[in-house]
Amino acid sequence: MEYLSITLVLFAVFLAIYYYNKRKHSVFNEHGILHIPPTPILGNFGSIVTKRETMTEVIQKSYDLHPDAKYVGFYEFLQPIILLRDPDMFKTIAVKNSDSFPDHRQFVDKRTDPLLGGMLFQLSGEQWKEQRNMLSPTFTSSKIKSMFKQMSDCAQRFTTTLSKLSEKEREVEMRNLLARYTNDVIASCVYGVSVDTMKEPKNIFYVYGRAATLLSGFANSIKMMMHRNCPTLAVALGLRFVQKKQTDFFTDIVQKTIKEREATGTQGSDMLQLMMDIRNRKDSSKGMSVNDIIAHAFTFFFGGFDTVSSQSSFIAHMLVENPEVQERLQEEIDETLEKTNGQVTYEAIMEMKYLDAVVNETLRLFPIIVFLDRICTSPFELPPALPGKKPFVVQPGMNVWLPVHSVQRDPRYFENPDKFDPDRFLNDGKKILNSATYMPFGIGPRMCIGNRFALTEMKVLLCHLLARCNLKACSKTLIPMELDKGTLSVTAKNNQFWLKIEPRKNAHPAFLQNGMANGVANGVCKH
């Protein structure tokens, strides 16, 4: 009798799951929207969970369902997603009608992760709009220029150390190495803390920052999927990315700095100071609280630590894979240094057209963000996906995706799309950058607020690095590039970018002399 009762209960649970799954996965059949038949529970994410495919491959299969479809269906587990395919619709959703699609779908709950959950990216509605408007002046060209020396000093220290590596140390894993540079830049330009992670790789700023911001990898991808698709369960299990001791560290450093500066009247040349100025502004309607500043400072750390180091690693890899591009870029750098007597200046960096083209082309081929997402907040009618089909009304709460990687490799928009060709940005740069087919930093009001800062950070690094060193393939270099399977972001296989660094024999003498003269005078973080 007991066995029969247990069997009936299990059968009832199975039926409930079956019908719930069937109902959730019936949306696109009911509306005649093209889609790949989903796997029960897993939807179209099965090969991600089992690490058989990359996120780019999974989305590409749906993107390729029909060449003329304006959109197709896609299931993230049980969640129905509208996957847009038409650049005009990108503008319609993310720009013209952004009021109906104003927010991102959250990937972590603030109850378990107060730092990640409080980031600008995670905010929604009026709260996001108000905070974004207050922060926007922080990222103007003039503000970034004011922090350029700090950024350049970090690049100089970093590349000086690389140029002096012994023969046996020259084969390096670039992503982890570059994270030391991005850590120092953010520590200096955001928090006003001077660190030299190449000399002290175990400084607490780097150790805690790395642990708090590295969301790539299979385990973290599973956590993120849980938060996105089963938020109640994720909170109940206490699944968090940033541990309490890391949260406390980044909270304390902001609180102590604000308290010290207000007590002494000290002014810093960093983003923390800019946010303090916003907080103290008399014309601010609601102002910016200390908790807001803590969250925003971490937003900049999170947005610039792993993403910039990963993106810079892709650039370095493409220069190794295309040595003629590297040589041409070094020629531009040398010519620029000749004009500036070996000085790396903000104006000089901004005028280097080939450097700009190399960075933009890498962002086109390997955008770290595979897709952009928007949440619908009011019913919105889409035109028929194909001629003869019916319009589809996106309901509040439904998710819409813009497939960045697929569009940026679509032969309809880019000739020889899989070829690394920086010249396309020299010939049609403005046209490409202003189109809805190039979105590595997003599109519309939700576009990445720190894109100028990130681009400058990468360009400064490349200028210093290539002025001193040559990048070459080593025995572990993946040529052609292979992407990691089972993760939501774009990264190399096993999350590693191996190459060899060699000092240049023909480096510009005035540049080297300036480096020696400036030295490495900054202190090291003792927090």
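**Salt bridges in the predicted model**

Arginine 364 and glutamate 361 sit 3 residues apart in helix α20 (residues 353-365), so about one helical turn separates them.

Across the whole structure, the search finds 27 salt bridges.

Next, a pair that involves a loop. Aspartate 196 makes a salt bridge with arginine 157, and here the closest N and O atoms are 3.9 Å apart. Aspartate 196 is in the loop between α10 (174-189) and α11 (204-213), while arginine 157 is in helix α9 (residues 148-163), so the pair ties together parts that are 39 residues apart in sequence. Both aspartate 196 and arginine 157 are buried.

The last pair is arginine 328 with aspartate 423, a salt bridge whose closest N and O atoms are 3.0 Å apart. This pair links distant parts of the chain, 95 residues apart: arginine 328 belongs to helix α18 (residues 323-339) and aspartate 423 to helix α22 (residues 423-433).

Are these two residues buried or partly exposed? Arginine 328 has a relative accessible area of 35%, so it counts as partly exposed. Aspartate 423 is partly exposed too, at 26% relative accessibility.

How values were computed: Residues are numbered from 1 along each chain as its sequence is written. This is a predicted model: local features need pLDDT of at least 70, side-chain atom pairs count only at pLDDT 80 or more; totals for chains, interfaces and linings use all residues. Side-chain values use heavy atoms; hydrogens and water are left out. A salt bridge is a side-chain nitrogen of Lys or Arg within 4 Å of a carboxyl oxygen of Asp or Glu. Helices (H or I, at least four residues) and strands (E, at least two) are DSSP runs, numbered from the N terminus. Buried means under 20% relative accessible area, exposed over 50%, partly exposed in between (1.4 Å probe, protein chains only).
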